[in-house]
Amino acid sequence: MARTQPGPGDRPWHATATLETLRSLLEAGARIRHEVSRRAQLSDVELATLERLSHGPIGPAELARHLDVTSAAATGIVDRLSRRGHLERVPHEDDRRRTQLHITDSATAEVSRHLRPMFEGLARLDGEFSDEERAVVERYLRGALAAVEAAIAEPGDCPSD
């Protein structure tokens with residue numbers, strides 16, 4: 001007897017509710033950086049710089065590599081953010097000839113102001129799950145992250161639907 005309904009293996013990759021929701025989340029994630037940049041009156045690359053600096057200080061050359069821009073372009077980004085009071089150039093602790101870039105409290109507060117509603121909503125949602133449910137969600141999200149990172153690191157020949 002033939003099946004009348006497709007099984008999970010018969011569906012295109014985007015057909016399950018879980019994958020459709022993940023796809024929507026990835027799209028929203030791509031849009032939020034642009035929206036926060038606009039609201040904070042920053043360019044997308046300036047916001048990306050502040051995001052990176054929120055994880056700790058780095059040098060200008062490392063920033064250029066992280067942003068995939070030239071050293072001259074990174075200098076321009078740093079100059080603009082410095083003029084706005086969003087970052088400081090600080091001598092390196094171990095090598096005073098080098099400079100490290102530090103995000104300022106005012107920059108952290110500015111970006112947080114735009115993202116706080118999202119973070120509060122995510123924290124509320126997370127609090128609704130049991131430890132067991134949270135473990136399943138975490139396993140799924142780690143797997144999804146690995147898949148996305150694999151596509152970034154080694155783009156393959158993916159069929160387009």
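Author: Helices α2 and α3 are oblique to each other, a word kept for angles that are not under 35 degrees (roughly parallel), over 145 (roughly antiparallel) or 65 to 115 (roughly perpendicular). The model is predicted, so local features need pLDDT of at least 70 and side-chain atom pairs count only at pLDDT 80 or more, while totals for chains, interfaces and linings use all residues. Residues are numbered from 1 along each chain as its sequence is written, and side-chain values use heavy atoms, with hydrogens and water left out.

Helix α2 covers residues 44-53 and helix α3 residues 60-67; helices here are DSSP runs (H or I, at least four residues), numbered from the N terminus. Their axes come within 11 Å and cross at roughly 120°. Each axis is a line fitted to C-alpha atoms over the stretch in contact, and angles run from 0 to 180 degrees between N-to-C directions. The crossing of α2 and α3 is right-handed, that is, the near helix is turned clockwise from the far one by less than a right angle.

From α2, the contact (heavy atoms within 4.5 Å) takes in V45, A48, T49 and R52. Facing them from α3 are E62, L63, H66 and L67. By class, the contact of α2 with α3 has 4 nonpolar, 2 polar and 2 charged residues. Nonpolar covers Ala, Val, Leu, Ile, Met, Phe, Trp, Tyr, Cys and Pro; charged covers Asp, Glu, Lys and Arg; the others, Gly among them, are polar.

For a second pair, the axes of α1 (residues 17-39) and α6 (residues 131-153) come within 13 Å and cross at roughly 60°. The crossing of α1 and α6 is right-handed.

How values were computed. Helices (H or I, at least four residues) and strands (E, at least two) are DSSP runs, numbered from the N terminus.
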